[in-house]
Amino acid sequence: MKKILLLLLMLGFVFSGVMAQSGKKSHYLKPTNFQKKVTTLISGKSRSYYSLDAEQPSVINLVGPGKLRVITRGRFIPKEGDKIAYEILYTVDGGEKVNVRFRGVERSKNATYKNGSLGVPGRSEDFEIELGRGNHTVEFTLVGNEISVAARYSLTPTKEKKKDWIAFCPMLPSEPVDLISREETINYYRFSMEKPLKVEINGPTELRVLTRIENHNHMRGRIHYRLQVKENDEIINTYQLSSRRSEITVYKNDNELIPGKGCEFVIDVPKGRHIYEILPLDKDKSTVLGRILLPKKDVKLEK
């Protein structure tokens, strides 16, 4: 009897794990800027793709961790041959450009355009981008305009290994600001374009950077802002973030300002000693609050 109960318990754990994995559903994303839609019928079902351009990037903003699947279709026009080729460039958070090439793409046998005058869709070609935790900006451009290409973007959340994080102080001078969230006081640091947030750290490790835009009482709606990470005047990453006024967090000693909801990104720190600068890029925006966290296991690197 005990063996049967043990077996049932083990099966229950396995089933729970499978269900947890299957619960991570994919969802489709729209570009935030360039949204020239190309409606494509696949086996009679309508699907929205978005045109890629050689000059104006298509920008996808998302929160990781997750896998971003990029499904592309080149377009055949009547005079073209049996196969086409095209290339796509993408960057993650303003980093290095990655080139993805597709060769020998044939016409699709089960897809058509809703607007039949566009021609014939090519066979779908896709690739995946793995993204860590935090906010990410992924930009896509087409190499050349000889072949028209449209893309569809699907994000599947992934589970990140649990880590214990502790607060890490930036370099002086820094202006501390106390916020209260759910009756707990949390320390942030105010920074601006003129007075960036600086941090000195030993690698290899990660820096988890939490930021909140500072809102005046009259501000409404969603506020977009950009942050840049630099080392020795070299740009490491650029982040495009978006936030609303926080509904649960307030300033401890200031009634004139309202903090935005938190956004975050993670800096991968290679081996050695590094000094990073984090600064906002928008001259028309107010100051930003920042909080830096370090994995607890890496505290020994700073001793």
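**Notes on the predicted model**

1. Phe140 and Tyr153 are both buried, where buried means under 20% relative accessible area, exposed over 50%, and partly exposed in between, computed with a 1.4 Å probe on protein chains only. The two form an aromatic pair of the tilted kind, with 5.2 Å from centre to centre and 40° between the planes; rings of Phe, Tyr and Trp (its six-membered ring) pair if their centres lie within 6.5 Å, and planes under 30 degrees apart count as stacked, over 60 as edge-to-face and the rest as tilted. Phe140 belongs to strand β9 and Tyr153 to strand β10, so this pair ties together parts that are 13 residues apart in sequence. Helices (H or I, at least four residues) and strands (E, at least two) are DSSP runs, numbered from the N terminus.

2. On the basis of these values: this is a predicted model, in which local features need pLDDT of at least 70 and side-chain atom pairs count only at pLDDT 80 or more, while totals for chains, interfaces and linings use all residues. Residues are numbered from 1 along each chain as its sequence is written, and side-chain values use heavy atoms, with hydrogens and water left out.

3. Tyr239 and Phe265 form a stacked aromatic pair, 4.0 Å centre to centre with 15° between the planes. Tyr239 is in strand β16 and Phe265 in strand β19, so the pair ties together parts that are 26 residues apart in sequence, and both residues are buried. The whole structure holds six aromatic pairs, and one aromatic cluster is formed by Tyr86, Tyr90, Phe102, Phe127, Phe140 and Tyr153.

4. The largest nonpolar core has 25 residues, and those with the most contacts inside it are Leu68, Ile88, Phe127, Ile129, Phe140 and Tyr153; such a core is a set of buried Ala, Val, Leu, Ile, Met, Phe, Trp, Tyr and Cys residues joined through side-chain atoms within 4.5 Å. At least two residues of this core come from each of β4 (58–76), β5 (83–92), β6 (98–106), β9 (125–142) and β10 (149–157), and β9 gives the most, with six residues. A second, separate core of 24 residues includes Tyr225, Leu227, Val229 and Ile292. In soluble globular proteins, nonpolar side chains tend to be buried together.

5. Which residues does Phe127 contact, leaving aside its neighbours within four places in sequence? With contact taken as heavy atoms within 4.5 Å, they are Leu68, Arg69, Val70, Thr72, Ile88, Tyr90, Val100, Phe102 and Phe140.

6. Phe76, in strand β4, counts as buried because its relative accessibility is 1%. The C-alpha atoms of Phe76 and Gly122 are separated by 6.4 Å, although the two residues are 46 apart along the chain. Beyond its neighbours within four places in sequence, Phe76 has contacts that include Ile84, Val105, Leu118 and Pro121.

7. The model has 16 salt bridges, each being a side-chain nitrogen of Lys or Arg within 4 Å of a carboxyl oxygen of Asp or Glu. Arg101 and Glu87 meet in one of these (3.6 Å, N to O), linking strand β6 with strand β5 across 14 residues; Arg101 counts as exposed at 53% relative accessibility, whereas Glu87 is buried at 19%.

8. Arg226 forms a salt bridge with Asp282, the closest N and O atoms being 3.0 Å apart. Arg226 lies in strand β15 and Asp282 in the loop between β19 and β20 (288–295), so parts 56 residues apart in sequence are tied together. Arg226 is partly exposed, with a relative accessible area of 34%, while Asp282 is buried, with 14%. Elsewhere, Arg133, Glu160, Arg208 and Glu264 are linked in a network of salt bridges.

9. Strands β15 (residues 223–231) and β16 (residues 234–243) run antiparallel and are joined by nine bridges, where two strands pair if DSSP finds at least two bridges between them. Val229 stands opposite Asn237 in β16, and in this hairpin, with two residues between the strands, Asn232 takes a positive phi near 55°.
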